[in-house]
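Welcome! Take a moment to look over the sequence and the 3D view before reading on.

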Amino acid sequence: MNSFLLVLSVAFAAGTSCVHSAPLPCDIYGAAGTPCVAAHSMVRALYQQYSGPLYLVRRSSDNTTKAINTMTAGGYADSATQDTFCQGTQCDVRRIFDQSPRGNHLDTAPPGGAAHHPDNGVNASKEQLTVGGHSVYSAYFEGGMGYRNDNTSGIATGDEPETMYMVTAGKHYNGGCCFDYGNAETDAHDHGAGTMEAVYFGSSSGWGHGGGKGPWVMADLENGLWAGNEKANPNNMPIVADFVTAMVKGKAGGFTLKGGDAQKGNLTTLFDGPRPNGYNPMKKQGCIILGIGGDNSDWAIGTFYEGLMTSGYSTDAADDAVQANIVSAGYKFST
């Protein structure tokens, strides 16, 4: 057993007596030498020791705002505070806080080259679920909604390596552009092939596609959604599940796509190989987007529960440990 797996096995064993003492995704990646430079979640902490705000809601009755924190360090969203604050009115999500030390918070997105209007925030109470047995809310995108940070710290630029994943809903998607989470242009305009590297989930097939009819985990590399390095990759099959772990990993000369059921099992490698023609080297700019394309294309629908971005190309062992943690978190729809 290598030293990384040994550290994790000891930590997980120690965690059996306390639900929050087991390493969480950013602890796992940090221990593997690929620390989180962005960590966003509506539902839980992504570090053992994180006890700050997860997201900011604004109520329509008086436009006041309230930060929704974790209930405990390493714990789940305090949805009861949101319920009390938003009672009798509607709230939207104005910011999703970055849990990493980098402070890469996501705010509602400004106008861009595709959609020339500012994006709306998601309805804070649209979808309720349970994670770890605790009632929480998702970021439920219905079109015209998106988040962005153009002035980031520590996010990969140029051809630098990175890993990103998001947990998303497997049955709430469309073929619109583009339900993305990840690295994009810093001015909300299309700068050409290779200026983005974001994980996409949906059934768009105009640029590229996998096998079957979708939805697929693909990489938005700008001017193309890629299921592999050709227009069609029949080996990239749809992930059929209520909750999906979708992952993109980029490095000099190549990229990897992984996906899996966020409630059970392991990740599947959907593609691992060279970049498409015209995408090497990459020209990443280091913005972070959520729910939109790099040029503010905001016609996609989808659901975001949690996600992160790392500095460096993560190991398969770390990816597997993160997937195991996601499964252990216990995502379930409320009944």
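The notes below walk through this structure topic by topic.

This is a predicted model. It holds three disulfides, and an open sheet of ten strands with antiparallel pairing. The largest nonpolar core has 78 residues.

**Disulfides**

- A disulfide is a covalent bond between the sulfur atoms of two cysteines.
- With bonded cysteines counted along the chain, the disulfides follow the pattern 1-2, 3-4, 5-6.
- Cysteine 26 is joined to cysteine 36, with an S to S distance of 2.2 Å. Cysteine 26 sits in helix H2 (residues 25-31) and cysteine 36 in strand E1 (residues 36-41), so this pair ties together parts that are ten residues apart in sequence.
- The link of cysteine 26 and cysteine 36 has -100° about the S-S bond and is left-handed. Cysteine 26 and cysteine 36 are both buried.
- Cysteine 86 and cysteine 91 make another disulfide, with their sulfur atoms 2.1 Å apart. The link of cysteine 86 and cysteine 91 is left-handed, with -110° about the S-S bond, and both cysteines are buried.
- Cysteine 177 is joined to cysteine 178, at 2.0 Å from S to S. The torsion about the S-S bond of cysteine 177 and cysteine 178 is about -90°, so this disulfide is left-handed. Cysteine 177 and cysteine 178 are buried.
- Cysteine 287 is in no disulfide, and the nearest cysteine sulfur, that of cysteine 178, is 14 Å away. Cysteine 287 is buried, with a relative accessible area of 0%.

**The core**

- Which residues have the most contacts inside the largest nonpolar core? They are Tyr55, Val57, Val93, Phe141, Tyr165, Tyr181 and Tyr331.
- Leaving aside neighbours within four places in sequence, phenylalanine 141 is in contact with several residues, among them Val122, Tyr147, Phe179, Leu290, Ile301 and Phe304.

**Helix H3**

- In helix H3 (residues 79-86), Ser79, Gln82, Phe85 and Cys86 are buried. They cover an arc of only 120° around the axis, which puts them on the same side of H3.
- As a reminder, an α-helix has 3.6 residues a turn, so residues three or four places apart point the same way.
- What do the buried residues of H3 pack against? Their partners are E2, E3, strand E4 (91-96) and strand E7 (134-137).
- Glycine 88 follows H3 and has a positive phi, near 80°.

**Strands and sheet**

- The order of the ten strands in the open sheet is E3-E2-E4-E5-E9-E20-E11-E12-E14-E15. The edge strands are E3 and strand E15 (225-226), each of which pairs on one side only.
- Inside this sheet order, E20 and E11 stand next to each other. Strand E11 (residues 180-184) and strand E20 (residues 287-290) pair in the antiparallel sense over four bridges, and glycine 182 stands opposite isoleucine 289 in E20.
- Strand E6 (residues 128-131) and E7 run antiparallel and are joined by four bridges. Valine 131 stands opposite histidine 134 in E7.
- E6 and E7 form a hairpin with two residues between them, and glycine 132 in the turn has a positive phi of about 60°.

- Most residues other than glycine have a negative phi, and most peptide bonds are trans.
- The peptide bond from cysteine 177 to cysteine 178 is cis, with omega near -15°. Cysteine 178 lies in the loop between strand E10 (162-169) and E11.
- Asparagine 280 and proline 281 are also joined by a cis peptide bond, with omega about 5°. Proline 281 is in the loop between strand E19 (268-274) and E20.
- Asparagine 223 is not a glycine, yet its phi is positive, about 55°. Asparagine 223 is in the loop between strand E14 (216-220) and E15, and counts as partly exposed at 39% relative accessibility.
- Asparagine 296 is not a glycine either, and has a positive phi of about 70°. Asparagine 296 lies in the loop between E20 and strand E21 (302-310). Is asparagine 296 buried or exposed? At 0% relative accessibility, asparagine 296 counts as buried.

**A closer look at aspartate 62**

- Aspartate 62 is in the loop between strand E2 (53-59) and strand E3 (65-69), and is partly exposed, with a relative accessible area of 37%.
- The side chain of aspartate 62 makes a polar contact with the side chain of threonine 64, at 2.8 Å.
- Aspartate 62 and threonine 89 are 27 residues apart along the chain, and their C-alpha atoms are separated by 9.4 Å.

Key:
Residues are numbered from 1 along each chain as its sequence is written. Side-chain values use heavy atoms; hydrogens and water are left out. Buried means under 20% relative accessible area, exposed over 50%, partly exposed in between (1.4 Å probe, protein chains only). A polar contact is a pair of N or O atoms within 3.5 Å; within protein, one must be able to donate a hydrogen and the other to accept it, and residues adjacent in sequence count only if both atoms are side-chain atoms. A disulfide is a pair of cysteine sulfur atoms within 2.5 Å. A nonpolar core is a set of buried Ala, Val, Leu, Ile, Met, Phe, Trp, Tyr and Cys residues joined through side-chain atoms within 4.5 Å. Contact means heavy atoms within 4.5 Å. The arc is that of the directions from the helix axis to the C-beta atoms. Two strands pair if DSSP finds at least two bridges between them.
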